[in-house]
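Biologist: I am new to this structure. Could you take me through how its parts meet?

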Amino acid sequence: MVALAAIVLAAGQGTRMRSRLPKVLHPLAGQPMLTHILDALHRAGIEHRVVVTGHAAEGVEAALAGRGVSVRQDPQLGTADAVRVGLGRVPGSVRHVVVTVGDAPLLPAELFQRLVAEQAEGDSVMTLLSARVPDPAGYGRIVRGADGSVRAIVEDRHADADQRRLDEVNVGTYCFDAAWLRANLGMVAASPAGEYYLTDLVGLAASGGRRVAVVDAPRPELTAGINDRVQLAAAERLLRAEIAERHMRAGVTIVDPETTHIDAAVEIGQDARIEPWTVLRGATVIGQDAVIGPHAELRDSRVGPRSTVWASILEEASVAEDCEIGPYSHLRPGAEIGARCRIGNFAEVKQSRIGAGTQQHHFSYLGDAEVGEEVNIGAGTVTANFDGTDKHRTIIGDGAFIGSDTMLRAPVTIGPGARTGAGAVVTRDVPAGKTVVGMPARAIGAPRDATTGAGRPAKAGKSLAAGEPLPVAERGDSDA
Ligand code: UD1
Ligand code: CA
């Protein structure tokens with residue numbers, strides 16, 4: 001039996017945003033405003049959440065992704081009308097209903113909990129959240145009687161000069177006694193403009209001799225309603241500061257929170273260090289002791305413990321432990337980098353798995369490739385994966401040595417321990433341990449031992465530089 005529910009009002013257009021996107025879908029720290037509210041209500045223990053949609057309803061409903069049920073308000077006749085529509089989806093067993101506007105996304109879960117606790121405890125018919133703000137313009141003002149009790153909420157546009165000076169404002173968040181709300185919502189009269197104000201319920205309760213309780217928000221800045229993009233940017237700044245502080249308190253070093261952007265859902269391990277001008281977006285996860293930045297941008301990516309990512313871009317990529325990425329690496333969707341790899345200057349990896357200990361130091365492209373362990377990818381190596389119509393795979397075995405400026409025309413397989421000379425254009429598979437050179441590449445010399453690694457270059461990581469003496473393939477050499 002559900003005893004507690006919430007209604008989120010999100011049917012309005014948000015005209016002052018001057019946007020084609022509904023206001024509640026404007027992102028804040030990487031996720032829609034509305035998502036922040038629904039997540040906070042969830043954290044507050046409110047399991048039944050109803051979202052009232054109207055303007056651009058399809059888009060708003062799609063963004064819910066199971067975080068709440070929706071109901072449409074059409075036409076949008078004001079906040080009281082929206083709550084009436086929302087109540088249609090609130091089970092009869094519910095005793096307390098939280099109502100909150102869809103454009104106050106910073107409200108913390110604890111505040112919803114305090115509101116519910118206050119309402120559950122006293123004899124009041126509703127509890128409203130109030131805040132004292134430096135600039136109350138635009139908000140409904142809380143009007144109190146001589147005894148301090150709440151008498152009414154007066155909307156900004158209907159307030160007289162004295163009321164305008166009141167700095168105690170209605171945040172737009174309430175907890176109602178469900179039965180009283182159902183019985184009294186129909187008593188709200190239309191405004192001159194034909195709107196039904198939820199805030200009129202306060203005056204109705206007071207004049208009927210019922211008590212209206214108030215919870216005063218300890219941090220008024222977190223109650224801010226967002227009506228335009230200037231307020232959106234201010235909220236973003238505040239939320240980012242909150243997120244950075246949460247990570248720092250949990251043991252993450254953030255060298256310069258001012259220039260570091262961390263989305264709400266990002267996870268960061270203990271003793272990780274986030275250097276300046278770093279942007280961590282989406283569902284990014286950073287392991288313990290990793291160092292990210294300066295100048296790194298990661299979206300929906302994972303970085304393992306102790307790895308470093310310097311001045312690089314990662315998108316839907318994963319990097320295992322003890323790697324060095326950057327500067328100027330670009331790991332694109334599906335890049336999976338194994339442990340102890342080094343990916344360096346102007347190296348791009350897409351939809352490829354790279355085995356442990358492999359090195360790709362210099363400008364190079366690996367796409368749709370399966371690369372083994374301890375492979376050296378020489379400077380300028382390119383997997384030519386696209387034939388104009390289809391993408392093809394490149395497979396490179398463990399311990400292979402790909403010389404500088406090698407073209408790998410996919411589909412192609414380079415066997416374990418095989419070796420390509422500088423400038424090789426590889427158009428056919430290379431067996432394990434073989435060396436190929438030239439264009440198109442042909443096999444030379446005796447096979448290297450793929451299992452013992454004999455014949456491998458003494459020092460992994462050194463590419464065959466142009467100009468370094470290489471045996472020249474003879475005409476008629478077999479392709480093996
Ligand atoms: C409202 C309050 C005001 C409070 C302020 C806090 C009323 C009458 N006024 O004013 O006292 O200080 O919020 O931010 O409630 N909505 C619907 N259906 C409608 C109308 C609005 O779902 O028919 C939704 C909007 O999408 C929005 C929320 O209700 O998320 C508030 O509407 P808005 O027009 O922004 O109200 P304010 O003028 O800010
Ligand atoms: Ca508003």
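Modeller: A definition comes first: a polar contact is a pair of N or O atoms within 3.5 Å; within protein, one must be able to donate a hydrogen and the other to accept it, and residues adjacent in sequence count only if both atoms are side-chain atoms. By that rule, seven residue pairs are in polar contact between domain 1 and domain 2, both residues at pLDDT 80 or more. This is a predicted model, in which local features need pLDDT of at least 70 and side-chain atom pairs count only at pLDDT 80 or more, while totals for chains, interfaces and linings use all residues. Residues are numbered from 1 along each chain as its sequence is written, and side-chain values use heavy atoms, with hydrogens and water left out.

Biologist: Where are the bounds of domain 1 and domain 2?

Modeller: Domain 1 covers 4–223 and domain 2 covers 229–474; the bounds come from an automatic or database domain assignment.

Biologist: And how many residues are in contact?

Modeller: Domain 1 gives 15 residues in contact with twelve residues of domain 2, where contact means heavy atoms within 4.5 Å.

Biologist: What area do the two domains bury between them?

Modeller: They bury about 1100 Å², 65% of it on carbon and sulfur atoms. Buried area is the accessible area (1.4 Å probe) that two parts lose on being put together, summed over both. In domain 1, Leu28, Ala29 and Leu106 lose the most area to domain 2, together 43% of what that side buries.

Biologist: Changing topic, how many salt bridges cross the interface?

Modeller: The rule finds one across the interface of domain 1 and domain 2, a salt bridge being a side-chain nitrogen of Lys or Arg within 4 Å of a carboxyl oxygen of Asp or Glu.

Key. Chains are lettered from A and ligands numbered from 1 in the order in which they are written.
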